[in-house]
Amino acid sequence: DDQLSVTSSRLCVIPTAGKNEALCYEYICQSPSFDTFLVYINANTSKQEDMLILEQNERGELTV
């Protein structure tokens, strides 16, 4: 079973491709293989706006 587990959430504003912004819920999720994902759900439409992989190491964090 490859489901994500939500570890935290918050309301945020993210940039969109058209130089606009979208009010979203940001969900920080953990996969069974311990990868961390950031999932952005539009607060007005309930559609997924973006999904990023969060890579963390001793030098900082990177999203891909």
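**The labels and their cut-offs**

Modeller: Arg10 and Glu26 form a salt bridge, with the closest N and O atoms 2.7 Å apart. Arg10 sits in strand 1 (residues 5–15) and Glu26 in strand 2 (residues 21–30), so the pair ties together parts 16 residues apart in sequence. This is a predicted model: local features need pLDDT of at least 70, side-chain atom pairs count only at pLDDT 80 or more, and totals for chains, interfaces and linings use all residues. Residues are numbered from 1 along each chain as its sequence is written, and side-chain values use heavy atoms, leaving out hydrogens and water.

Colleague: Why is the contact between Arg10 and Glu26 called a salt bridge?

Modeller: The term needs a side-chain nitrogen of Lys or Arg within 4 Å of a carboxyl oxygen of Asp or Glu. Here the N and O atoms are 2.7 Å apart, so the pair qualifies.

Colleague: What makes Glu26 buried?

Modeller: Its relative accessible area is 6%. Buried means under 20%, exposed over 50%, partly exposed in between (1.4 Å probe, protein chains only), so Glu26 counts as buried. Arg10, at 53%, is exposed.

Colleague: How do you know that strand 3 and strand 4 pair?

Modeller: DSSP has to find at least two bridges between two strands. Strand 3 (residues 36–42) and strand 4 (residues 48–57) have 6, in the antiparallel sense, so they pair. Phe37 stands opposite Ile53 in strand 4.

How values were computed: Helices (H or I, at least four residues) and strands (E, at least two) are DSSP runs, numbered from the N terminus.
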